[in-house]
Amino acid sequence: MATATLQSREIPPERPATLPATSGGSRNDNMEITYTGNTGNDMGISTMGFRSSKYNPAEWHENNYSKYYQSFVDRDNGERIRHESKRTSNETEATTNKTQAEVTKKLGERIQDINFWKFELEREIRDVIDETDLLLAQKKRLENALRATEIPLHIATDNLNCRQRRENIDLVQDDVELSLLKEVEIINNVQDLLKKTIDQSEKQIRLNREAKQNLEMDWSDKKEALEIDTASGALKNHHTNKQFYPGAAKFQEIQSTPESWAQFSHDNIVRAEHERMASMQLRQLIDNILEDTSRDEREQCDAVDVAFQKRVTEMEDAKTKMEENLKKVCEEITTMERNIANLKQAIRDKENPMKVAQTRLENRTFRPGVELCRDPVQYKLVGEVNEIHSSIDALTDKLNQAQNSLKDLQDNRMGLEKEISIKKNSLFIDRDKCMTVRTRYPTTLKLQGYQ
């Protein structure tokens, strides 16, 4: 028997009692009623030994009772369901509101986390950009310094080529040439080092930009996620920009975990910091390289200038001494020419005495007879002729010596004049050409790439 619900006090319907058999009929064990009276044969009903096709009163009452009871049970069940539905509705509403508030709170916490990493990414991006700009400035200095080495290299090469036009003995591999060759070697080494450093700086700039790109992509993703989570956190039940998305409440295979999400940004920042530190070290290295190379170039330039000055002094001294010797040689040539003229005159002066002596001897050959005597006069005249011959031979020998000496002096004069010309040419090359060109040697600031 059913009982009433908590709200209802209605009593369930009672089952009807067993009904007695009606008159004219009899009841069997199955509660079937059969009519026992005489109904005749003309009614067309044969009921002898068979159940009537009509329901009996008990069945009618039983049917009514079942309808009453089913109605009661359905109403009782409906009332119970209504109360349970209301309670469930209240409970689910409270649970939904609580969960929604918790989700909103979690969204707020998530927004704070995103803002934190977004700020860290922004800071690192600014630092990387600033560092890349500084490295670009250093690379510009390297390029300026590399261009600045072209002038010293051209000057040194031009000096070497010009000094190839020195003549004869002045075409010597002196300290100036050795210093110039060393200067060319230093400049070539500096150019190779600067080119290598430029390549290294370009590679580091690419790494810095790649790190910045990774940071910016991460920042962009976080900005988009921040906008999405901010809009999601601000979404309310009464807003109209909401709808059903079937299948949205499921985990995607490509989703990251909070740990991997934070580690991703942390790794990006760490890599960017690593590249930034490498860039800072490279900038310091560039400063040292530019300072060292400019110092080496200037020191070698000063060494070459000192060698040039020393060489010019030596050549001026040699030229002066040669000019002094040339002056003395010219004076000696003048004196020797006068000496030769005197010797020739002296030889000519012996002609008349020779003629007189030989004429005397010739005249005395005509003495007659015994008068043709080898007297002391004869001996004296022969001795005089021989003496004059000896004098002439001596004078001729001295004349030949004087003429040979004059020729040597003249050759020496020509050699000195040629040497002086060579020295003048060398002085013009070293002093007036090379040293003048070297005044255009770049300054230390330009060699360091500041200009």
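Before anything else, one definition: buried means under 20% relative accessible area, exposed means over 50%, and partly exposed is what lies in between. So Tyr69, with a relative accessible area of 23%, counts as partly exposed.

Hi everyone, and thanks for coming. What you see above is a predicted model. Its mean pLDDT is 86, and 90% of the residues reach 70 or more.

What is its ring paired with? The partner is Phe72, in a tilted pair with 6.4 Å centre to centre and 45° between the planes. Both residues lie in helix H1, residues 57–148, three residues apart, about one turn of the helix. Phe72 is buried, since its relative accessible area is 2%.

The structure holds three aromatic pairs. Another one is Phe116 with Trp117: the ring centres are 5.3 Å apart and the planes sit at 75°, so this pair is edge-to-face. Trp117 counts as buried at 15%, while Phe116 is partly exposed at 46%.

Arg110 lies over the face of Trp261, 3.7 Å from the ring centre. Arg141 does likewise over Tyr450, at 4.0 Å from the ring centre.

One more arginine, please: Arg276, in helix H4. Buried or exposed? It is buried, because its relative accessible area is 14%. Beyond its neighbours within four places in sequence, Arg276 is in contact with Glu124, Asp127, Val128, Glu131 and Asn208.

Now the packing. The largest nonpolar core has 23 residues, and Met336 and Ile340 have the most contacts inside it. Helices H4 (258–349), H5 (351–364) and H6 (376–437) each supply at least two of its residues, and H6 gives the most, with 11. Leaving aside neighbours within four places in sequence, Met336 is in contact with Ala402, Ser405, Leu406 and Leu409. There is also a second, separate core of 19 residues, including Cys301, Ala307, Ile429 and Cys434.

Last item: an unreviewed UniProt entry annotates residues 312–346 and 385–426 as "coiled-coil region". In the model, residues 312–346 are 100% helix and 0% strand, with the end C-alpha atoms 49 Å apart.

That's my tour; over to you.

Methods: Residues numbered from 1 in each chain as written. Predicted model: local features only at pLDDT ≥ 70, side-chain atom pairs only at ≥ 80, totals over all residues. Heavy atoms only, no water. Core = buried A, V, L, I, M, F, W, Y, C linked by side-chain atoms within 4.5 Å. Buried < 20%, exposed > 50% of the residue type's maximum accessible area, 1.4 Å probe, protein only. Helix = DSSP H or I, 4+ residues; strand = E, 2+ residues; numbered from the N terminus. Contact = heavy atoms within 4.5 Å. UniProt positions renumbered as here; feature names shortened; annotations may be inferred. pLDDT = per-residue confidence, 0-100. Phe/Tyr/Trp six-rings, centres within 6.5 Å; stacked < 30°, edge-to-face > 60°. Lys NZ or Arg CZ within 6 Å of the ring centre and 35° of its normal.
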